[in-house]
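Let's take a walk through this one, chain by chain, and then look at where the chains meet. Have the viewer open as you read.

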Amino acid sequence: MRYIEPHGHMVSRTTDDYRAMAMAGCQAVCEPAFWAGFDRSSAQGFYDYFCQLTQHEPRRASMFGLPHYTWLCINPKESEDIALAEEVLAIIPEFMESPNVLGIGEIGLNKNSRNEMTVLEKHVDLAGGNDQLILVHTPHLEDKRKGTRLILDVLKNDSRIQPERCIIDHVEEHTVKMVLDDGFWAGMTLYPETKCTANRAIDILEVYGNERIWMNSACDWGISVPLAVPQAAQEMKRRGNDAQYIDKVVYQNPIEFMSQSSRFTKPEGL
Amino acid sequence: MADRKNILDLYFLDARARLIDIAAFMDRVDRADGETDFRYDAFCEALKALESGQPDRAGKVLLEFSDPSDEPIPKATVKAACGACPDTNNG
């Protein structure tokens with residue numbers, strides 16, 4: 001089996017995880033910028049993080065033959081401080097030219113506050129002005145429905161933003177339809193407790209189809225499973241999905257979306 | 001489209017175990033001292049979606065736990081979500 005991990009926070013994972021992913025058939029890993037589990041105290045902290053994402057982490061992944069791609073932003077969990085966000089936004093452009101940067105992400109909302117909305121709009125403006133792909137984080141649990149609606153409205157209100165160049169991640173049963181109906185891509189995150197289980201993600205594919213949609217592990221420092229995508233693929237097989245159908249969801253679809261960036265190289269797919 | 005018997009063969013025992021876990025959770029809450037709160041109220045309300053006989057029960061359960069408002073809040077005072085909305089009128 002071959003697959004792409006389109007959303008993994010590998011800075012929080014061990015090298016053993018890279019090895020396990022490669023052995024499970026992973027062909028590329030893509031890492032959006034995220035919240036470290038604590039608030040960084042300055043823009044310099046983000047500068048170091050962006051260096052890690054664009055320089056160090058690709059080297060670590062390459063030890064296992066894995067191409068590593070990344071997305072840059074200040075995460076919505078740190079967006080309440082607009083002054084800090086503006087400082088971080090100012091340093092992103094110098095990293096956007098790095099060869100493994102696919103776009104701006106994971107941007108979005110956390111608690112759906114006004115300041116989070118302001119910082120989201122600034123990120124969308126940065127992406128729109130620089131022809132960047134966008135990867136969106138939708139809020140957790142009780143905040144997801146409302147936040148997803150607000151995010152879609154922000155994206156649709158910017159005429160430079162093309163929905164087919166945006167992936168709206170962490171969709172669940174109550175948000176996937178609004179995302180796909182508006183022409184965006186949808187990401188399903190496979191978590192043991194929050195977001196989607198593998199079986200629910202497979203159900204969503206059965207109900208809404210397998211176009212413009214992918215699965216990811218979003219593995220990070222929390223409760224998460226780096227091999228969630230190949231495990232879901234195995235469950236798809238158990239449910240009777242054929243190899244071509246599975247390959248489209250876990251391999252071809254991520255390639256189709258990310259190939260919209262000239263920096264993404266289609267893996268050999270061995 | 002999958003065969004219904006096949007789906008039951010694959011998932012009945014897993015769903016049965018989860019249902020018993022839910023029942024045990026509710027018993028556990030009942031045994032515990034103190035007041036309940038909005039999370040458990042939302043949980044009990046969401047259970048009704050299971051009896052609806054309508055499709056998209058999962059979506060309906062998620063909506064029961066969702067913030068029904070549409071406007072941004074003035075300020076984020078916490079980072080974490082708790083899984084249910086304190087302001088939801090579940091009556």
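First, a working rule: two residues are in contact if their C-beta atoms, placed from the backbone, lie within 7 Å. This is a predicted model, where local features need pLDDT of at least 70, side-chain atom pairs count only at pLDDT 80 or more, and totals for chains, interfaces and linings use all residues. As for labels, residues are numbered from 1 along each chain as its sequence is written, while chains are lettered from A and ligands numbered from 1 in the order in which they are written.

Start with chain A, which has 9 helices and 8 strands. Those elements are DSSP runs numbered from the N terminus: helices are H or I with at least four residues, strands are E with at least two. The C-alpha trace of chain A spans about 50 × 40 × 35 Å along its principal axes. Of the 270 residues in chain A, 52% count as buried. Here, buried is 20 or more other C-beta atoms within 10 Å of a residue's own, exposed is 12 or fewer, and partly exposed is in between, with C-beta atoms placed from the backbone. Among contacts in chain A with a separation of 6 or more, 73% come from residues 24 or more positions apart.

Now zoom in on strand S5 (residues 133-137) of chain A, where 5 of its 5 residues are buried. In a regular strand the side chains alternate between the two faces of the sheet. Here A:Leu133, A:Leu135 and A:His137 point one way, A:Ile134 and A:Val136 the other, and all are buried. What does S5(A) pair with? Strand S4 (residues 101-108) of chain A runs parallel to S5(A), joined by 5 bridges, and pairing takes at least two DSSP bridges. Within that pair, A:Gly108 stands opposite A:His137. S5(A) also pairs in the parallel sense with strand S6 (residues 166-169) of chain A, over 4 bridges, with A:Cys166 as the bridge partner of A:Ile134.

How are these strands connected? S4(A), helix H4 (residues 114-129) of chain A and S5(A) form a right-handed β-α-β unit: with the strands pointing away from you, the path from the first strand over the helix to the second runs clockwise. S5(A), helix H5 (residues 144-156) of chain A and S6(A) form a right-handed β-α-β unit too.

A:Met236 is buried because 22 other C-beta atoms lie within 10 Å. Leaving aside neighbours within four places in sequence, A:Met236 is in contact with A:Ile202, A:Asn241 and A:Ile246.

Chain B comes to 3 helices and 0 strands. Its radius of gyration is 17 Å, well over the 12 Å that the globule rule gives for 91 residues, so chain B is more spread out than a compact globule. Of its 91 residues, 12% count as buried.

Finally, the meeting point: 23 residues from chain B and 27 residues from chain A make the contact. Helix H3 (residues 57-64) of chain B gives the largest share of the chain B side, 4 residues.

Technical notes. Rg over C-alpha atoms; globule rule 2.2 N^0.38 Å.
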